[in-house]
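Me: I would like to learn how to read a structure one feature at a time. Please start with the overall layout and then go to single residues.

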Amino acid sequence: MLKKIMTGGLMAAALSVAFGAYASPTDTVIEWRIDAYVASYRHQPDGNVVIKFKSSPTSTAIINAFPGNGVADICGGVERLVLSSGLPGFQDMVRSISTAAVAGKQVKIGYDAYSGDCYLKEFLVYT
């Protein structure tokens, strides 16, 4: 069962995709979703948060390929996703990331690539 923590407006995302919207770090456009575990997260000087994920609770390997719609890796081999401080619900999402990291909970993440970076847009915690 999934506990919905933060989605950034799935209806708006669906409408945006349907009308061919261009992605940005703070919109609700999501290219793909995967299940993962939080490996680490760090607040950056610019206010953003950088998060690394792993594929299982006991894994030490960091995920370095984020698939997309028909693409093996939309993020170009990066080992982290960026959570933009401008994303609606940013503070709630940071608290959820922290909680999931400490508790070792499995999460579903939604993300999208933009200007050479990959941005976390959705964060759901399995209960």
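**Reading the fold and its details**

Reply: The chain has two helices and six strands, where helices (H or I, at least four residues) and strands (E, at least two) are DSSP runs numbered from the N terminus. Along the sequence they follow the pattern β-α-β-β-β-α-β-β. This is a predicted model, in which local features need pLDDT of at least 70 and side-chain atom pairs count only at pLDDT 80 or more, while totals for chains, interfaces and linings use all residues. Residues are numbered from 1 along each chain as its sequence is written, and side-chain values use heavy atoms, with hydrogens and water left out.

Me: What share of the residues of the chain counts as buried?

Reply: Buried means under 20% relative accessible area, exposed over 50%, and partly exposed in between (1.4 Å probe, protein chains only). Of the 127 residues, 40% count as buried. For contacts, the criterion is heavy atoms within 4.5 Å. Among contacts with a separation of 6 or more, 59% come from residues 24 or more positions apart.

Me: Which residues have the most contacts inside the largest nonpolar core?

Reply: A nonpolar core is a set of buried Ala, Val, Leu, Ile, Met, Phe, Trp, Tyr and Cys residues joined through side-chain atoms within 4.5 Å. The largest one here has 25 residues, and F53, F66, L81, L83, I109 and F123 have the most contacts inside it. Two or more residues come from each of β2 (32–43), β3, β4, α2, β5 and β6. The biggest contribution is that of α2, with five residues. As for L81, its contacts beyond four places in sequence include V49, V50, I51, F53, F66, C75, I109, Y111, C118 and L120.

Me: How should I read helix α2, and which of its residues are buried?

Reply: Start with its length. The expected span of a helix is 1.5 Å times one less than its number of residues. For the 14 residues of α2 this gives 20 Å, and the end C-alpha atoms are 20 Å apart, which agrees. The buried residues of α2 are F90, M93, V94, S96, I97 and A100. Seen down the helix axis, they fall within an arc of 165°, so they line one face of α2; the arc is that of the directions from the axis to the C-beta atoms. The face turned away from this buried side carries the exposed residues T99 and V102. Just after α2, G104 takes a positive phi of about 70°.

Me: Where is a positive phi found in a residue other than glycine?

Reply: Most residues other than glycine have a negative phi, and most peptide bonds are trans. In this model S115 has a positive phi, near 50°. S115 lies in the loop between β5 and β6 and is exposed, with a relative accessible area of 67%.

Me: How many disulfides does the structure hold, and which residues are joined?

Reply: A disulfide is a covalent bond between the sulfur atoms of two cysteines. The cut-off used is a pair of cysteine sulfur atoms within 2.5 Å. The structure holds one disulfide, which joins C75 to C118 with an S to S distance of 1.7 Å. The angle about the S-S bond is -100°, and the link of C75 and C118 is left-handed. It connects distant parts of the chain: C75 is in the loop between β3 (49–54) and β4, C118 is in strand β6 (residues 117–126), and they are 43 residues apart. Both C75 and C118 are buried.

Me: How many aromatic pairs are there?

Reply: A pair of aromatic rings is described by the distance of the centres and the angle of the planes. Rings of Phe, Tyr and Trp (its six-membered ring) pair if their centres lie within 6.5 Å; planes under 30 degrees apart count as stacked, over 60 as edge-to-face and the rest as tilted. The count comes to one aromatic pair. F66 and Y111 form it, edge-to-face, with 5.3 Å centre to centre and 70° between the planes. F66 lies in the loop between β3 and β4 and Y111 in strand β5, so the pair ties together parts 45 residues apart in sequence. F66 and Y111 are both buried.

Me: Is S84 buried or exposed?

Reply: S84 is buried, with a relative accessible area of 8%. Its place is in the loop between β4 (81–83) and α2 (90–103). Leaving aside neighbours within four places in sequence, S84 is in contact with P25, T26, N48, F90 and Y119.
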